[in-house]
Amino acid sequence: MFSRLALRSVAARQSTPTALVARGSATEVGGLRDEKNFPRPVRGEPGKVRLGFIPEEWFQFFHAKTGVTGPYTFGVGLATYLFSKEIYVMEHEYYTGLSIFVMIYYASTKFGPKLAEFLDKEVDNVESSWNAGRLSTIKSLEDAIAGEKEAQWRAQGQELLIEAKKENVLLQLEAAYRERALTAYQEVKRRLDFQLEKTLLERRIAQKNMVDWIVANVTKAITPDQEKQAMDRCIADLAALAK
């Protein structure tokens, strides 16, 4: 009876983490998981036992009231009572169960650690295979996020390039405006210089014509007698200067 109870408790402890993991996978949708409301379960280890099947909590319960030997005394006393009152009859099934218990105990102590190690490796392999898909999904999502950030960075670079092109166009417009302003200035200056030269030339021609006209009129007004008198006066002045 106790052996069947122990086997059921061990099976329940071994099936609980698998059920938790199975229920935990239901909270994942499309590789995403709500870690706040549905935290990822951690595979638990089975509780401590004594004598291969009696839980440690049994001994801790008696330790506070009867000390260290209390659980053992209670067990031995209960077995003695059951045997003495023939409540539990030691017939052939008893010896069969006793022999089965000895074999199970020997098998658990001899092959239990190796079997537990093998099963732990299998559980780790299953868990790693499940986590591999989750990690690959996370990796792909992280790569997608990195690609999106790179695309945003490239878009920002395109904005900077467009701004630089706008500034280049503005500089070209400014250069064209200054070139045309310089051309207009040179044309206006050339025409103003032409007008100035024209005005000065007209003034010189007018002065020359005025002088020629005055000289001609003065020459016409001088008579031969006045010319002779002027010539004689000039000769006298030269003679006076020569002395």
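Below is a short chat about aromatic pairs and ring contacts in a predicted model.

Student: What are the ground rules for the model?
Tutor: It is predicted: local features need pLDDT of at least 70, side-chain atom pairs count only at pLDDT 80 or more, and totals for chains, interfaces and linings use all residues. Residues are numbered from 1 along each chain as its sequence is written, and side-chain values use heavy atoms, with hydrogens and water left out.

Student: Where do Trp-58 and Phe-62 sit in α2 relative to each other?
Tutor: They are four residues apart in helix α2 (residues 56–66), so about one helical turn separates them. Helices here are DSSP runs (H or I, at least four residues), numbered from the N terminus.

Student: Is Phe-62 buried or exposed?
Tutor: Phe-62 is buried, at 13% relative accessible area, while Trp-58 is partly exposed at 39%. Buried means under 20%, exposed over 50%, and partly exposed in between (1.4 Å probe, protein chains only).

Student: Which residues are in the ring cluster?
Tutor: Ring pairs link Trp-58, Phe-61, Phe-62 and Phe-74.

Student: And what lies over the face of Phe-61?
Tutor: Lys-65, at 4.6 Å from the ring centre. The cut-off is NZ of Lys or CZ of Arg within 6 Å of the ring centre and within 35 degrees of the ring normal.

Technical notes. Helix = DSSP H or I, 4+ residues; strand = E, 2+ residues; numbered from the N terminus. Phe/Tyr/Trp six-rings, centres within 6.5 Å; stacked < 30°, edge-to-face > 60°.
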